[in-house]
Amino acid sequence: MLLLPTRNSTADAWYYAACVRYGHDLLLPHHLLYNAVGWLWLRLLGPLHPEAIHALLALNALAYGGVLLGLRQLLRRLTGAEGLRLALLAAAGCSFGLLRFATENETYVLPLLLSVWASVAWLRHLRTATLPPLLLAGLLAAGACLLHQVQACWWLGLLIGTALYSPRRGAGWWFAAPALLVPLAYWLALDYWQLPRTPASLVRFALHDFLTGAAGAPASLPKAALLTVANVVRTFAQVHGSTLALLRRLPGLAAVPVLGLAGVLWAWLRRPRHPEALRSPAALPPAQVRAARRTHGLVMLLHLGFAAWATGNAEFMVMLPVLLALLLTAAPSTLARPLTAAAGALLAWNLAFGLVPNHLLDFTNLPPLLARVRQEPRTWFLLDNHNLALNRLHYLTGRDGQPNVLPAPELLLAKHRWTPAQLQQWLRAQQRGGHRLSTDVLGGPRLLDRAALVRSAEAAELLRGFRPAVRDTFPTFFGPRYLTDLR
């Protein structure tokens, strides 16, 4: 993963990199310590003078490796079938959810690393009935929550599993005790934001992203169900608006799914009819193996339920391949060969349609547009992905915000709750005030993405009455993007 960092980082990734580079906004409520850890990592690498975002990409790639090492330990404890262990490890490691965040500066792999190793320590407690491993498990699980609040689902699942299956009475209290560090850390973080140290202030800060809706909110049940199913699939195999566009430009890529499916079918037909002889027994007795599977099955249900609540948020599903691998240790060892073939097919697909294009190709070609933004303070730029532009500018300049960057017309209208007529009146008023109006939402490549297609149609309708004049073209792999003046 160190060799395939993305060239197309998200808006959030650029924002976190800017915070780390300039040492501000280091304690954010939804993932309190993520930026702080990144800042420390950058200081540690100081003698090498790395580019901040490259250093953070490397950190996530290393964390991905740590996740797989921890998963390997868990699988060894849950099954003695070596072939099945390797197949499950490969299938989880080749899933797009893990590969995506291992090559991106997002907040999900580091907390997963701590959660996985919390489970390693938790299983050691089941095996030995000693308390130090349980304390370590509680400490790691609590640390994961400080890196991202979504890992509270993993912590809660382990707590319930401790109460149900621990050989020690009252063990739940030992596991839960380190979690007191979580409210303590949030309490101390209030000073960083110059907030009053009151219980109400603590709750508002800790739950900021939930109270404001930034962490996602329930949608209609059909929409949430549809997006949940779609993003579960995408957690394993990259499916995006770019997929068909890549096939149109590079039709030879069609061989990847064909060969992958053929390989899985061949492996299924050639699977052994009898289980393999166990080279080594599982490290846990059968009753404890069942307890571990049930506990991690509960963890998976909690995470999946939370992701569904957040309208099927794909980012909250990154841990599902790891948890599913643990559950599938109950599968017969005869499935090792088909699972290995499926892992290979997943890897080929995700490399061909995800990691390699993201690493080699520039999907947006933002630098020349950002140069114009900085050179033309009297121009209003109404941009399709204004947050991406703002956060890349933040990373370049250290300034959070650019006064002449505005959202696309339909988002600007929704933000101010204007009518289309009011939006047009405001735009005309800006022109009369000497501002130039430019936008990148008209024309350009159209990927098979409902949101992009609908937004483009809405923008064209909202800007009816203006005379568009293309003044610059930015080439991308999928076709040119246009900067258009509105006259």
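1. Ground rules first. Residues are numbered from 1 along each chain as its sequence is written, and side-chain values use heavy atoms, with hydrogens and water left out. Since this is a predicted model, local features need pLDDT of at least 70 and side-chain atom pairs count only at pLDDT 80 or more, while totals for chains, interfaces and linings use all residues.

2. Start with helix α7 (residues 131–147) and helix α8 (residues 152–165), whose axes sit 8 Å apart at an angle of about 155°. (Helices are DSSP runs of H or I with at least four residues, strands are E runs of at least two, and both are numbered from the N terminus; axes are lines fitted to C-alpha atoms, for helices over the stretch in contact, with angles from 0 to 180 degrees between N-to-C directions.) That makes α7 roughly antiparallel to α8, a label used for angles over 145 degrees. The crossing is left-handed, meaning the near helix is turned anticlockwise from the far one by less than a right angle.

3. Who touches whom here? On the α7 side look at Leu134, Ala141, Ala142 and Cys145; on the α8 side, Ala152, Trp155 and Thr162. Contact means heavy atoms within 4.5 Å. This set splits into 6 nonpolar, 1 polar and no charged residues. (Ala, Val, Leu, Ile, Met, Phe, Trp, Tyr, Cys and Pro count as nonpolar, Asp, Glu, Lys and Arg as charged, and the others, Gly among them, as polar.)

4. Next, helix α16 (residues 286–309) and helix α17 (residues 320–327): their axes come within 9 Å and cross at roughly 150°. The two are therefore roughly antiparallel to each other, and α16 passes α17 in a left-handed crossing.

5. In that pair, α16 brings Arg293, His296, Gly297, Val299, Met300, His303 and Leu304, which meet Leu320, Leu323, Leu324, Leu326 and Leu327 of α17. By class, the contact has 8 nonpolar, 3 polar and 1 charged residues.

6. Now strand β1 (residues 379–383), where 5 of its 5 residues are buried, that is, under 20% relative accessible area with a 1.4 Å probe, protein chains only. Thr379, Phe381 and Leu383 point one way, and Trp380 and Leu382 the other.

7. What are the partners of β1? Strand β3 (residues 436–439) pairs with β1 in the parallel sense over 4 bridges, with Leu382 opposite Thr439. Strand β2 (residues 405–407) also pairs with β1 in the parallel sense, over 3 bridges, and there Leu383 stands opposite Pro407. Pairing requires that DSSP finds at least two bridges between the strands.

Definitions and conventions:
Parallel < 35°, antiparallel > 145°, perpendicular 65-115°, else oblique. Buried < 20%, exposed > 50% of the residue type's maximum accessible area, 1.4 Å probe, protein only.
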